[in-house]
Amino acid sequence: MSTNIYVGNLPFSTNEQEIQGLFEAYGNVESVNLITDRDTGRLRGFGFVSMSNGGDEAIRALNQQDLGGRSLTVNLAKPREERSLRY
């Protein structure tokens, strides 16, 4: 079972390879998904990392760590809430 991890307060200049390298020190990274703005394509400052092992260690080690001058927020991702349709 994989661990889905929320990573927030990311520098806007970061990329998926940088995040993958950061988390690989703690276990096997299955995927990295950085969220971008739909209109501009610019990073929104958060993303998700899926790890098959080492997720708990990565959360403990990386939460509040500095990356590009910003203090990361790293914790277990919460399940996505159902959103109502907008008309």
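Here are some exercises on this predicted model, each with a worked solution.

Residues are numbered from 1 along each chain as its sequence is written. In this predicted model, local features need pLDDT of at least 70 and side-chain atom pairs count only at pLDDT 80 or more, while totals for chains, interfaces and linings use all residues, and side-chain values use heavy atoms, with hydrogens and water left out.

**Exercise 1: aromatic rings**

Find out how many aromatic pairs the structure holds, and which residues ring pairs link into a cluster.

*Solution.* 
- Step 1. Start with the rule: rings of Phe, Tyr and Trp (its six-membered ring) pair if their centres lie within 6.5 Å, and planes under 30 degrees apart are stacked, over 60 edge-to-face and the rest tilted.
- Step 2. The count comes to 3 aromatic pairs. One of them joins Tyr-6 and Phe-48, edge-to-face, at 5.9 Å centre to centre with 65 degrees between the planes.
- Step 3. Look at where these two sit: Tyr-6 belongs to strand S1 and Phe-48 to strand S3, so the pair ties together parts 42 residues apart in sequence. Strands (E, at least two residues) and helices (H or I, at least four) are DSSP runs numbered from the N terminus.
- Step 4. Now take Phe-46 and Phe-48: their ring centres are 6.1 Å apart and their planes stand at 90 degrees, so this pair is edge-to-face too.
- Step 5. Put together, ring pairs link Tyr-6, Phe-46 and Phe-48 into a cluster.

**Exercise 2: buried or exposed?**

Decide whether Thr-3 and Asn-4 are buried, partly exposed or exposed, and list what each one touches.

*Solution.* 
- Step 1. Use the cut-offs: buried is under 20% relative accessible area, exposed is over 50%, and partly exposed is in between (1.4 Å probe, protein chains only).
- Step 2. Thr-3, in strand S1, has 18% relative accessibility and counts as buried.
- Step 3. Asn-4 also has its place in strand S1, and at 39% it counts as partly exposed.
- Step 4. For contacts (heavy atoms within 4.5 Å), leave out residues up to four places away in sequence. Thr-3 then touches Val-49, Ser-50, Met-51, Gly-55 and Leu-76, and Asn-4 touches Phe-48, Val-49, Ser-50, Leu-76 and Ala-77.

**Exercise 3: a loop residue**

Locate Gly-27 and find its contacts.

*Solution.* 
- Step 1. Gly-27 is in the loop between helix H1 (16–24) and strand S2 (29–36).
- Step 2. Its C-alpha atom is separated by 19 Å from that of Asn-15, 12 residues apart along the chain.
- Step 3. Leaving aside neighbours within four places in sequence, Gly-27 is in contact with Met-51, Asn-53 and Gly-54.
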